[in-house]
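I opened the model to look up its cores and its interfaces. My entries follow the order in which I checked things.

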Amino acid sequence: MTVGGVNRDDIYEALVGLHHGLDAEQSLLVSNRLILLLAEQIGDRDAVLQAIEAARLPDPVDRKRG
Amino acid sequence: MTEAPPASLPYAPLPYSPAPELSGGPVRRWPVVIVGGGPVGLAAAIDCSLHGIPALLFDKDDRVSDGSRAICWAKRTLEIFDRLGVARPVVDRGITWKLGKVFHGDQLIYSFDLLPEEGHKHPAFVNLQQYYVESDLVERARQMPGVETRWQSRVVGLSEDGEGVVLEVESPDGGYSVAADWVIACDGARSPLRDMLGLDFVGKVFQDRFLIADVKMAAAFPTERRFWFDPPFHPGGSALLHRQADDVWRIDLQLGWDADPEEERQPEKVIPRLKAMLGEDAKFELEWVSVYTFQCRRLKRFRHGRVIFAGDSAHQVSPFGARGGNGGVQDVDNLIWKLALVIGGEAPDSLLDSYDEERILAADENILNSTRSTDFITPKGPGAQALRDAVLSLSAEHDFARRTVNSGRLSIPAKLTGCGLQTPDDASWAGGVAPGAPCPDAPIEDALARPAWLLDRLGGAFVLMAREEDLASGNVRDAFPGIRDLAVLGIAEAGEALRSDSGVTDVSGLLTERFALSPGSFYLIRPDQHVAARWRSFDPKKVRQALARAKGLDATHLREIA
């Protein structure tokens with residue numbers, strides 16, 4: 001599927017490929033490296049903070065009610 | 001904290017004699033009483049004297065600091081020490097440095113130069129044990145008229161009597177009381193005065209322990225700050241190495257929250273850790289050992305009526321960034337000129353509320369920076385740890401990651417921009433020094449063509465600074481006959497004739513560049529060398545208004561001047 005010139009399946013496949021053959025600790029490291037590189041690539045403080053908010057898990061109280 | 005005193009510190013007891021109040025002498029009312037004879041209290045006493053205010057200082061001990069404690073004195077502090085007359089012994093004995101290196105494992109990942117430009121009287125940092133700095137301040141305080149220091153004198157009670165404060169004091173020869181108009185509480189992180197007033201001191205405790213060891217050794221390490229994440233000699237922890245005077249080195253090792261502080265400070269435990277770092281055959285003596293936890297917290301307000309808190313009694317930070325001692329000295333620099341104006345009846349006592357506004361802003365900046373550094377060094381939980389480790393793993397190849405590595409953002413002075421005493425710009429400026437910022441130094445020549453420094457000419461009083469030609473064409477030297485505490489400083493270009501003995505020459509052009517001092521520009525500079533206001537053209541009315549505002553005079557006064 002392509003939206004706005006981005007092939008999301010390509011990207012997802014590449015993201016999964018990044019973890020190929022890694023154990024949990026290595027996966028965590030590579031994910032964090034990627035997060036830092038992407039945040040730097042975006043280079044827009046508000047856009048990064050917005051994405052961080054979008055990623056946040058609902059707090060435990062909300063989840064219980066949920 | 002328990003620790004053995006260093007073998008080499010200047011440990012002569014400070015002189016004690018029974019207080020005159022004990023032998024029926026009159027109970028004198030002091031304009032200022034300072035509680036605590038550490039660097040902050042001593043600096044306050046000296047600054048009071050420079051402003052002509054008699055000050056009495058109490059300290060519960062009769063010795064200078066029993067350990068090296070604060071060792072990194074920042075450029076801004078050295079500039080303040082210079083105004084107080086103690087910069088020379090501190091700089092002469094101390095270790096000047098400006099380079100820092102950060103390692104991950106055994107790889108150098110980041111190095112920095114804290115003062116990359118020339119043309120400043122003082123270096124970025126001088127390292128000197130706190131006990132030496134205190135000795136120099138004690139010696140200076142002894143020379144200052146109007147300063148009295150009483151050692152072995154513990155303040156045990158405090159009450160307000162309507163006109164001022166009454167302090168109960170215990171000394172080896174008995175108890176007595178003294179009266180004060182103003183009390184400055186410089187009695188440290190565990191401030192008894194704070195407890196006497198029942199004030200909360202809340203914030204954040206970091207779940208980590210650090211070993212701090214001072215060792216004496218003839219080592220070949222260069223004079224630079226070195227910080228390691230996960231070094232081969234101390235796997236899983238961080239390490240810090242700093243050089244001090246007398247071949248003493250500060251070593252700081254992260255131990256983790258589970259470490260037993262009693263056990264960790266025993267030499268049989270400390271020495272193997274140090275040998276792992278310095279080499280099995282390294283020859284060194286242990287001078288001082290301590291095991292610390294760190295906290296970042298502050299009082300909600302620093303001024304409580306006639307009692308004003310300064311230094312660690314008001315705010316506490318972790319040591320990464322050298323923001324404790326330096327922050328405390330800057331508190332004093334901000335406070336004493338204001339207190340002098342209030343005591344002299346030239347400003348309302350509400351001027352002291354600006355101390356709260358300005359130094360709380362600075363304390364919050366220091367707390368923010370030292371909290372961020374400590375969070376990087378001591379990640380909270382596995383997620384934060386993994387993210388931190390990812391930053392370190394990217395740092396070898398990526399500049400942004402090197403800049404994210406946080407081993408301490410070293411103390412720089414707070415910019416008081418936006419605080420009430422400053423007059424905001426009414427014109428646009430390309431560069432220069434914005435209202436609220438401290439003045440940068442620059443080399444100058446005096447009227448006799450002797451080399452000097454700009455900051456030697458600023459401070460202590462308000463100063464109006466402009467180019468010599470602008471002072472002459474605006475008759476500025478005659479414009480303020482009634483304002484005795486406004487000095488005028490004229491700046492001439494190299495080769496230009498000075499029109500007054502108080503003018504100076506900007507030989508290198510650095511002053512003009514750093515202040516963007518184009519023709520027509522005027523700066524009003526506060527007694528603590530921070531810019532109060534600046535203009536693109538001279539208007540005596542605006543200068544009077546800005547001066548009144550900087551003294552905390554209210555809107556009524558400002559309207560009268562207008």
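I take a nonpolar core to be a set of buried Ala, Val, Leu, Ile, Met, Phe, Trp, Tyr and Cys residues joined through side-chain atoms within 4.5 Å. Buried means under 20% relative accessible area, exposed over 50%, and partly exposed in between (1.4 Å probe, protein chains only).

I note that this is a predicted model, where local features need pLDDT of at least 70 and side-chain atom pairs count only at pLDDT 80 or more, while totals for chains, interfaces and linings use all residues. Residues are numbered from 1 along each chain as its sequence is written, chains are lettered from A and ligands numbered from 1 in the order in which they are written, and side-chain values use heavy atoms, with hydrogens and water left out.

Entry on cores. I find 97 residues in the largest nonpolar core, and Val32(B), Ile34(B), Phe81(B), Ile184(B), Leu464(B) and Leu524(B) have the most contacts inside it. Helix α8 (residues 324–343) of chain B gives the largest share of this core, nine residues; helices are DSSP runs of H or I, at least four residues, strands are runs of E, at least two, and both are numbered from the N terminus. This core lies between domain 1 (20–92 + 127–202 + 297–373) and domain 2 (443–561) of chain B, because both give residues to it. The domain bounds come from an automatic or database assignment. I also list a second, separate core of 36 residues, with Phe112(B), Phe320(B), Ala322(B) and Leu392(B) among them.

Entry on the two domains. I get 30 Å between the centres of domain 1 and domain 2 of chain B, taken over C-alpha atoms. Their contact (heavy atoms within 4.5 Å) takes 16 residues from domain 1 of chain B and 15 from domain 2 of chain B. I find one salt bridge across this interface, the term being a side-chain nitrogen of Lys or Arg within 4 Å of a carboxyl oxygen of Asp or Glu. Glu358(B) forms a salt bridge with Arg526(B), with the closest N and O atoms 2.8 Å apart. On the domain 1 side, α8(B) gives the most, with five residues.

Entry on the two chains. Chain B and chain A bury about 820 Å² between them, 78% of it on carbon and sulfur atoms; buried area is the accessible area (1.4 Å probe) that two parts lose on being put together, summed over both. I count zero salt bridges between chain B and chain A.
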